[in-house]
Each structure stands twice: as structure tokens, then as C-alpha cells.
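Open the model in a viewer and follow the stops below in order. Each one says what to select and what is there.

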Amino acid sequence: MSETIDLLLLGAGQMITSRSDGNGPLRGKNLSDAGILRDSAIAIAGGRILAIGKTDSVKKEVGQRPVSRVIELGGRVVMPGWVDPHTHAVFPRYRADEYEARIRGDSYLEIERRGGGIKRTVRELREMGEEDLYEISRRRLLKMIRTGVTTIEIKSGYGLDLENELKMLRVISRLAEDMAIDIVPTFMGAHQKPPEFAGKGEYVKFLIAEVIPEVARLGKAKYIDVFCEKDVFDLDETRQILAAGKEHGFGLKLHADEIFAIGGTELAVELGAVSVDHLTKITETGIEALSHSGTIGVLLPGTSFGLASSSFAPARKLVSSGAAIALATDFNPGSAPSFSMPLAISIACSQMGLLPSEAINASTINAAYSIGMQKEIGSLEKGKKADIVVYDVEDYREIPSRAGTDHSVIVIKEGNVIWEMQDYESRSEVGF
Ligand code: NIG
Ligand code: FE
């Protein structure tokens, strides 16, 4: 046993492990147990966690093995890298004018009706060449990494024809190959009906007959997602699209109960979807269905925030019902232009009533479950990928409470330091 230790992190003040021991997503009272270790350390070899626990016992386990790099944490907080299980991170440009319009009182659907919203991004994406789309998205992801996110899901859905949906999926797949973080691709051709398919039902037929089989053949997506909403895809259309997706081997996801509750949550549960996302308007029946299911409710506090809305998903009710919840940014150019998971948890705490420990577990281990990655990522446990963020704070509750500044100083993906703030120690209040 002389395996080299690639990285040894010593002296964490609080280590948030978010462990679930493979027992499924954390629910109910268990959601508030962040599995905190004090005075702790992690030894990493081959990109995985080799030892984790009290600093003394990790040092003992490491023994005489050679160590390539040691980082003294000086009492800082360490946690699993954030897992963002719902983003639309590939797009041409932001729509900040719509943010102002919403503050002035225009609704999301009104903005859509006058050619803004998703339709506008679709027009811009169709015009942008694949190389430019790749490059602008790559730059964006490099900035995201600094916030401590180490795994993200990305959806297509701004192409809405075969050519442009495939263009998006190729960009997502190249990003997955080139970037240091894990990227899970989702096909969301059912994000809107494109203008050229005016007839009711025509676009759904086209998706099922031509697009879904081609995306499946190319192996470019793990999940399929539908925007199940009044005036977008109704319940029957959603069912048809998801059934076709299931037949072609995709896992199922759903945007549901965002603006109107039309039965999306119940359908997601019935079809065994891995997640159902948004849930701002979820009904009592929806909560009941979700609480008895394996489907995870992915809540998107940054979307309500970005929409200048005071309506949030009923997180407390969901947790006490026993439903499993996760958090995500919904990062997109319009309704949720912030890619910050720390901001999302901050809003989840102050506006939805989640405890900091609940919000963190929902953004790590439960988020990993919601994209089928729980065996590899989402918690600090022996054998898992060493995906870790070091925060320049003494208490993990400072992460949501001191919102507005990013306190991450080191981001590690599979044992590699992928971002490190220069000279953070000389500006640190920790241990002073
Ligand atoms: O998840 N709800 C539908 N789609 C996105 C919005 C995307 C956009 O505005 O560009 C969402 O919020
Ligand atoms: Fe979304």
C-alpha cells in the first residue's frame, strides 16, 4: 500500500459531508443533518476520496505514503462541490431588458407574447454559429466554476428544430469533454412550440417522429424534459412526448406547476420521472403524490427572484410531507440569469424557510440523485469523486447569510484544483 496521495487537505474547521450512505435522497428530518465533521481532513488519490475524518486519524491512515500536495485549511469550511441539476446554460445572450420590464409590471407570459422570452433566444441561437455558441458557453462555464459548482445539468431547448437542437446538444457534449466539471445533457426540444409549427399538435408529432429518435441514435442526451404549462405543452402532449422519450431510453424530467398547476407533478410521479422541477404552484394533490414517490422535486428559488416575483415553491410543506427536494439555479438568459448556487441557497433560506443545512444537502447529495449521479458525486464519502469547495468562512451558515460576495477560495474536481483565489490568506478573517 504505497499509493501516492495526490492531495491532502488538513485542518478543516467544519466539513459538510452531506452523506446519505447510499440510502436514497435525504427526506424529512434527515434533510437537516449535513453530516458535519470538525477538525477534519481528506486524503485524495486517483481523483477519489481515499480517507476522510478527524485530522489525526486521516494522518494515521496516510502513514508513510508520499504526498504530492498538502493544503492547510486553517479552520475554513469544506463542503462537496455544488451540483446544479437544472440549467439552460447554452445560449447566445442575456435578456436584461426583460428584467426591467418585469419590474415595471409586465408578466413573463406577456413578454413571451410580444416576441421576447424563449422565442427571442431561439431566434438568436438559430443565427449564431456553432463555434461562437460553444465559445460563449465555455467562457460562461469558466466563470461558473469559481462559484464552487463541480457538476451541472444543461438542457437544449433554444433550437426547436432538428438542426438547431442538435447544434445545442453537440455544444453541450463538447463542453462536457473539454471542461473540468461533469456535465449531464438533457434534451428539451419541448421547451416551446416554434413559430413555424402553427398547427396544434404538429410540433409534437414532429418531435416524436423525427427529433427524439435522432437524438437517441446520436446518444447526445441522458434525459428528456418538457415545459408542461398552460399555453405551452398541455398534459396530454407532455404525456406523449415523455412516453416517446422513455421508449427511446431517456430518463424523464419535467418543468411543472411553474405558473399554473395543470397536473404536471402528478404525471411526473405516474411516469416515474427522476425529477419534477419548479413547483411554485404545486397543489395539495401534487404534494401528496410527490411525497409517496421516488421523484425528486427540484426547486428553483433564483427563478422567482429573477422574475421579480414573491411567489416561491412551498419548500417547508414539501419537506414535512416527506417529499425529496433538491435546489438548482435554472440558469438561463431570461427568468434566471444568475448561475450562483450560493445565491440560490441564500434565497431558499430567507424566502422559502429552508435551514442552511437543508439547503446545502438539497444542493449536493439530493441534487446528485436528481440527475442520477449519486454514486459518484454529491457527498464527501470514501470512494466518491473528490469534488470539493473550500470556503473562507468559519461557519457554514455564513455561506447563505453573507450573500452577495462569493466566499469560495479553492475548487477541486476529481482531486484537481480547478480554481484557486490568489492570496486569499492575506485577506482572510478566518482564524484571526
Ligand atoms: O425554466 N420555464 C421555462 N423555461 C425556462 C426559462 C427559459 C428562458 O426564459 O429563457 C425556465 O424558467
Ligand atoms: Fe428551466
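**Stop 1: the ligand**

Select H255 with ligand 1: an N or O atom in the H255 side chain is 3.1 Å from an oxygen atom of the ligand, a polar contact (a pair of N or O atoms within 3.5 Å). Taken alone, ligand 1 exposes 330 Å², and the protein buries 100% of that (Shrake-Rupley method, 1.4 Å probe).

This is a predicted model, in which local features need pLDDT of at least 70 and side-chain atom pairs pLDDT 80 or more, while totals for chains, interfaces and linings use all residues. Residues are numbered from 1 along each chain as written, chains are lettered from A and ligands numbered from 1 in written order, and side-chain values use heavy atoms, without hydrogens and water.

**Stop 2: the largest cavity**

Ligand 1 sits in the largest cavity (more than half of its atoms lie within 2 Å of the grid points). A cavity is a set of points on a 1 Å grid over the protein atoms alone where a 1.4 Å probe fits but cannot get out; lining residues have an atom within 4 Å of a point. The volume here is about 110 Å³. Select Y108, I118, H191, N332 and S335, the closest to its centre of the 15 lining residues.

**Stop 3: the second largest cavity**

Select P80, G81, V83, T150, T151, I377, G378, S379, K385 and D387, which line the second largest cavity. About 40 Å³ of space lies there. Domain 1 (7–80 + 377–427) and domain 2 (83–369) both give residues to this lining, so the second largest cavity lies between them.

Key:
A polar contact is a pair of N or O atoms within 3.5 Å; within protein, one must be able to donate a hydrogen and the other to accept it, and residues adjacent in sequence count only if both atoms are side-chain atoms. On a 1 Å grid over the protein atoms alone, a cavity is a set of points where a 1.4 Å probe fits but cannot get out, and a pocket is an open set with protein on both sides within 12 Å along at least five of seven lines; lining residues have an atom within 4 Å of a point. Grid points are joined across faces, edges and corners, and a volume is the space filled by probe spheres set on the points. Domain bounds come from an automatic or database domain assignment.
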